[in-house]
Amino acid sequence: MAVKPRLHYFNARGRMESIRWLLAAAGVEFEEKLIQTPEDLEKLKNDGSLMFQQVPMVEIDGMKMVQSRAIRNYIAAKYNLYGKDIKERALIDMYIEGVADLIEMIMYLPMTPRDEKDAKITQIKDRTINRYLPAFEKVLKSHGQDYLVGNKLSRADIHLVELLYYVEEVDPSLLANFPLLKALKTRISNLPTVKKFLQPGSARKPLLDEKAIEEARKVFKF
């Protein structure tokens, strides 16, 4: 029986969530070893499990992988979610970098000081409807296919749909003028593996709240 990947991170989305999405979409069962105390983190550092002294870390195929991009690249390649040739891979990488730009902004919104939050939300909304979503809508419109690259499910679709869920948490109306993206979100969400991940009680993490932020501060001392 194959050993399940084991994910080492604290009990929140952060940089591990896109890895969870990717494994779930690929139909890969995984385990989580939650980092709940400073001692848990120190143990990983002291036993040599963290090459750069930081998480996320994923144990997979006999490796202890760090750096979230490297981890996602490996998973995508292993489960045939990374295009059929270098041109498709280049497009996938390009789309993913755009997704990451906006996800980063939304990811850190809960940690934004209260007096800066309204301005940050305004910036996120502006970037969402005037920069990022129009670009992805244009890609889908340009080829009229069901998926972003090669008319086949790839990591680009998975990460984009993860982003769309984040966007809806900021403001559901932001998707109103992007019918092709809404259709993509529905299409990917209805895939059996993704549908399972979206159900209550799955490994998908909720929106970061004050309690989770405080717990993270205690562990990571920031």
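The protein chain of this predicted model is divided into domain 1 (6-79 + 197-220) and domain 2 (86-190), with bounds that come from an automatic or database domain assignment. The centres of the two domains, taken over C-alpha atoms, are separated by 22 Å. Domain 1 gives 19 residues to the contact and domain 2 gives 16, where contact means heavy atoms within 4.5 Å.

Local features need pLDDT of at least 70 and side-chain atom pairs count only at pLDDT 80 or more, while totals for chains, interfaces and linings use all residues. Residues are numbered from 1 along each chain as its sequence is written, and side-chain values use heavy atoms, with hydrogens and water left out.

An unreviewed UniProt entry places the feature "domain: GST C-terminal" at residues 85-207; such annotations may be inferred rather than shown by experiment. Over residues 85-207 the chain is 69% helix and 0% strand, helices (H or I, at least four residues) and strands (E, at least two) being DSSP runs numbered from the N terminus. The end C-alpha atoms of this stretch lie 36 Å apart.

Now to a pair of helices. The axes of α4 (residues 86-107) and α5 (residues 114-143) come within 11 Å and cross at roughly 160°; axes are lines fitted to C-alpha atoms over the stretch in contact, and angles run from 0 to 180 degrees between N-to-C directions. The two helices are therefore roughly antiparallel to each other, the term for angles over 145 degrees. Residues making the contact include Tyr 95, Leu 102 and Ile 106 of α4 and Ile 124, Arg 127 and Phe 136 of α5.

Definitions and conventions:
Parallel < 35°, antiparallel > 145°, perpendicular 65-115°, else oblique.
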